[in-house]
Amino acid sequence: MRWDELEEEPCSMARTIGVIGDRWTLLILRECFLRTRRFEGFQSALGITRHLLAERLKKLVRQGVLRRIPYQESPKRHEYILTQKGLDLYPIMMALVHWGDTHMVDERGRPLLHQHRKCGKNFDPVMVCSECGEPLLAKEVHTHPGPGARSTPAIEAPEKPKAKARRSAA
């Protein structure tokens, strides 16, 4: 697999990594979910160069993850808003946050707490089965080819080269 061709792979993870799989893109998405909308806001929060930020934002717009909306005419400036495709990344972002909160915190504890507005409680994101509601553990999940799987032709063993006949010296 080539890094610049991941989006074409018949693998959902590879395709997703092709869109969001670098550190700056993930941090830009974090800022989007924290309600940062403007170029200067992203740059200030992340300390990223203007060129790199512009490149990543263009890719996210091109991929349909963000929508670019003008908010000022002179000079022309834009806000970047998560599309539904972008909002659908929330479980991925929360899974990364949960992993960090579990494995990367120091003695001070979590840097951010997440509160569910409906019940008012702080929560830990958990992944559950869409069918039965039980928590998902890696050892309890089986995978099998889906309709979009690559069909691989049967691999035939190469023919063995025939030995050359030796001439006898007579």
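Reader: With which residue does D101 form a salt bridge?

Author: This is a predicted model, in which local features need pLDDT of at least 70, side-chain atom pairs count only at pLDDT 80 or more, and totals for chains, interfaces and linings use all residues. Residues are numbered from 1 along each chain as its sequence is written, and side-chain values use heavy atoms, with hydrogens and water left out. A salt bridge is a side-chain nitrogen of Lys or Arg within 4 Å of a carboxyl oxygen of Asp or Glu. The closest N and O atoms of the pair are 4.0 Å apart, and the partner of D101 is R110.

Reader: Is D101 buried or exposed?

Author: Buried means under 20% relative accessible area, exposed over 50%, and partly exposed in between (1.4 Å probe, protein chains only). D101 has a relative accessibility of 13%, so D101 counts as buried.

Reader: Which residues are linked with D22 in a network of salt bridges?

Author: R56 and E55 meet through their side chains at 2.8 Å, N to O. Of these, R56 is buried at 15% relative accessible area, whereas E55 is partly exposed at 40%. The residues linked with D22 in the network are E55 and R56.

Reader: Which element gives the largest share of the lining of the largest pocket?

Author: A pocket is an open set of points on a 1 Å grid over the protein atoms alone, where a 1.4 Å probe fits, with protein on both sides within 12 Å along at least five of seven lines; lining residues have an atom within 4 Å of a point. The largest pocket holds about 1,000 Å³ of space, and its 31 lining residues include F33, L34, Y90, M94 and H114, the closest to its centre. The elements that give two or more residues to this lining are α2 (23-33), β2 (77-82) and α6 (90-103). The largest share, 8 residues, comes from α6.

Reader: How many residues line the second largest pocket?

Author: The space in the second largest pocket is about 450 Å³. Nearest its centre lie A95, H98, P125, V126 and M127, and the number of lining residues is 14.

Notes:
Grid points are joined across faces, edges and corners, and a volume is the space filled by probe spheres set on the points. Helices (H or I, at least four residues) and strands (E, at least two) are DSSP runs, numbered from the N terminus.
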